Amino acid sequence: MAGISVHVWASAFGVLGDIVSFIVFLSPLPTFYTIYKKKSTEGYQSIPYVVALFSCILWIYYALLMSNMIFIITINTFGCFIETIYVGFYLFYAPKKARVQTVKMLLLLVLGGFGAIVLVTQFLFKGAVRGQIVGWICLVFSLCTFAAPLCIVRKVIKTKSVEYMPFLLSFFLTLSAVMWFFYGLLIKDKNVAIPNILGFIFGILQMILYVIYNKKEKNIIKEQKLRELQNHVVISEEQKNLPQLTEEQIIDIVKLGALVYSEKFNARGPEAAKVENMPKLQTVQV
């Protein structure tokens, strides 16, 4: 019964892990929709998608060498499919320089790196040892992948802005790490469980930073709006204190302007005599 219970729990966490990871894989869709609308990659990098593609292929290879890892195979097969679409979409809209760099990365990492791993493990190792070696490679690569968001964390702290760290993505990455940790723990696979401990820690850190700096960012925006409102009120009060001219005073100002213009061009003409007949400008009462 205990064995059946563990198997059921492992299957449950495997299914939940697949569902959450499915959402994570689809999270870049808004980015690619923006690229499609503007017909340009706008400085976006292809590195995350190429690395994700390599990671999916590597985990599929590891799962095929082991047994009872159907959930790892299913989600990473979907990951290969969607990441290939992302990379292809990027190549279509990227400028020539970025396109060349992306192709070089694909050849170096996906073809060269994965090809070398397969050749070395197939010819130098056999049986369970082969699976262990590939598992260690997956573990190290996953640790590096989970450590990558530290760059984003540093940027958030430096800019005091959470623009580049969406809360929902951090939340689902953390949730995914929890599901796969328990899945690896229940099937007794440390190569699956250990990297997700780091993923969980970094996910929690990102969400804490989001809460802190999002609150600060909102306070800054409120202060800016308050200053704008205060400036608007001051300007409105100043406008209220401006002197109000009567209709007669306005007419006098217009006549005086016409007289000045006339004096400038006909200083000695007959129009100069009209100066004495002009009404005097009344003093403005505030």
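Tutor: Accessible areas come from the Shrake-Rupley method with a 1.4 Å probe, and for residues only the protein chains shown count as cover. On that basis the protein has an accessible surface of about 18800 Å², with 69% of this area belonging to carbon and sulfur atoms. The model is predicted, so local features need pLDDT of at least 70 and side-chain atom pairs count only at pLDDT 80 or more, whereas totals for chains, interfaces and linings use all residues. Residues are numbered from 1 along each chain as its sequence is written, and side-chain values use heavy atoms, with hydrogens and water left out.

The protein contains ten helices and zero strands (DSSP runs numbered from the N terminus: helices H or I of at least four residues, strands E of at least two). Of its 286 residues, 31% are buried (under 20% relative accessible area, with a 1.4 Å probe and protein chains only). Among contacts with a separation of 6 or more, 74% join residues 24 or more positions apart (contact means heavy atoms within 4.5 Å).

The second largest pocket holds about 370 Å³ of space. A pocket is an open set of points on a 1 Å grid over the protein atoms alone, where a 1.4 Å probe fits and protein lies on both sides within 12 Å along at least five of seven lines; lining residues have an atom within 4 Å of a point. Points are joined across faces, edges and corners, and the volume is the space filled by probe spheres set on them.

The lining of this pocket comprises 19 residues, and Ser67, Asn68, Met69, Tyr183 and Ile187 lie nearest the centre. Two or more lining residues come from each of helices H1 (2-26), H4 (70-93), H6 (127-147), H8 (167-186) and H9 (190-240). H1 gives the largest share, four residues.

Helix H1 also contains Gly14, which counts as buried because its relative accessibility is 0%. Leaving aside residues up to four places away in sequence, Gly14 touches Phe71, Trp180 and Tyr183. Gly14 and Tyr183 are 169 residues apart along the chain, yet their C-alpha atoms are separated by 5.9 Å. Tyr183 is also one of the residues nearest the centre of the second largest pocket.

An unreviewed UniProt entry lists several stretches as "transmembrane region", including residues 6-26 and 192-213; such annotations may be inferred rather than shown by experiment. In the model, residues 6-26 are 100% helix, with end C-alpha atoms 30 Å apart. Residues 192-213 are likewise 100% helix, and their end C-alpha atoms are 32 Å apart.

Terms used. Buried means under 20% relative accessible area, exposed over 50%, partly exposed in between (1.4 Å probe, protein chains only).
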